[in-house]
Amino acid sequence: SVTGVQTCALRICIGVTLRYDTSGGINKRAGQGEAADIFASSTDSIDDIAAKKLLGGAPLVVGASRIALGVRADEAAPDISSVEKFKATMLAAKSLSRGDPAGGGTAGNILVAMFDKLGILAAVEPKSILRVGGYKVMTEVAERRADFGLTQSTEIVAVAGVRIGAYLPEELQVVTRYSIA
């Protein structure tokens with residue numbers, strides 16, 4: 001959270017308070033009556049808030065992100081170009097970082113469902129470092145506690161020392177759209 005940011009010009013002061021949360025967290029806070037001038041979240045989250053009649057305006061899609069594998073900037077990325085290569089990489093990893101589904105993040109929930117569908121959830125769980133928020137997921141990679149991280153591509157590029165190694169194979173890929181309202 002960033003609170004109390006203030007810009008003043010010509011004796012007119014504008015105060016801005018920014019609050020950051022996962023899509024699930026934003027949805028929960030809006031449902032509990034937290035007021036905001038603008039909500040920015042996954043389109044699914046914003047649509048849910050709108051369906052509860054908690055918005056004064058129409059949502060606007062402003063971007064999209066794909067799930068990717070993030071690696072340290074100085075290391076080669078594993079080949080995950082097919083479903084079989086993706087599975088083999090997940091099973092061979094010593095450790096991987098990903099979103100904690102309990103934290104309400106979009107990628108964390110998508111990955112659990114994907115691992116379950118691929119039949120590797122039980123093998124991946126013990127070596128997973130779960131974090132709330134893609135920035136924290138990728139910090140685990142940057143600080144060498146995880147071999148790689150899986151999260152939204154937009155969250156990978158925000159962390160110094162890591163890069164997008166590869167996007168998930170198209171058969172597994174999920175595009176998350178983001179909206180404001």
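I began at strand β9, where I found that Ser179 is the bridge partner of Ser41. Before going further I noted that the model is predicted, that local features need pLDDT of at least 70 and side-chain atom pairs count only at pLDDT 80 or more, while totals for chains, interfaces and linings use all residues. I also noted that residues are numbered from 1 along each chain as its sequence is written, and that side-chain values use heavy atoms, with hydrogens and water left out.

**Strands**

I then looked up the pairing around β9 (residues 175-180), which runs antiparallel to β3 (residues 40-42) and is joined to that strand by 3 bridges; strands here are DSSP E runs of at least two residues and helices are H or I runs of at least four, numbered from the N terminus, and two strands pair if DSSP finds at least two bridges between them. I found that β9 also pairs with β4, again in the antiparallel sense, over 6 bridges, and that Leu60 has Ile180 in β9 as its bridge partner.

**Gln152**

I turned to Gln152 in strand β7, which counts as buried because its relative accessibility is 2% (buried is under 20% relative accessible area, exposed over 50%, partly exposed in between, with a 1.4 Å probe and protein chains only). I saw that its side chain makes a polar contact with the side chain of Thr176 at 3.1 Å; such a contact is a pair of N or O atoms within 3.5 Å, where within protein one must be able to donate a hydrogen and the other to accept it, and residues adjacent in sequence count only if both atoms are side-chain atoms.

**Cores**

I next traced the largest nonpolar core, which has 22 residues, with Phe86, Met90, Met114, Phe115, Phe148 and Leu150 having the most contacts inside it; a nonpolar core is a set of buried Ala, Val, Leu, Ile, Met, Phe, Trp, Tyr and Cys residues joined through side-chain atoms within 4.5 Å. I recorded β4, α3, α4, α5 and β7 as the elements giving two or more residues to this core, and α4 as giving the most, with 6 residues. I also found a second, separate core of 9 residues that includes Ile129, Val137, Ala146 and Ile156.

**Val141**

I finished in helix α6 (residues 134-142), where Val141 is found and is buried, since its relative accessible area is 0%. Leaving aside neighbours within four places in sequence, I listed among the contacts of Val141 (heavy atoms within 4.5 Å) Val71, Ala146, Phe148 and Val162.
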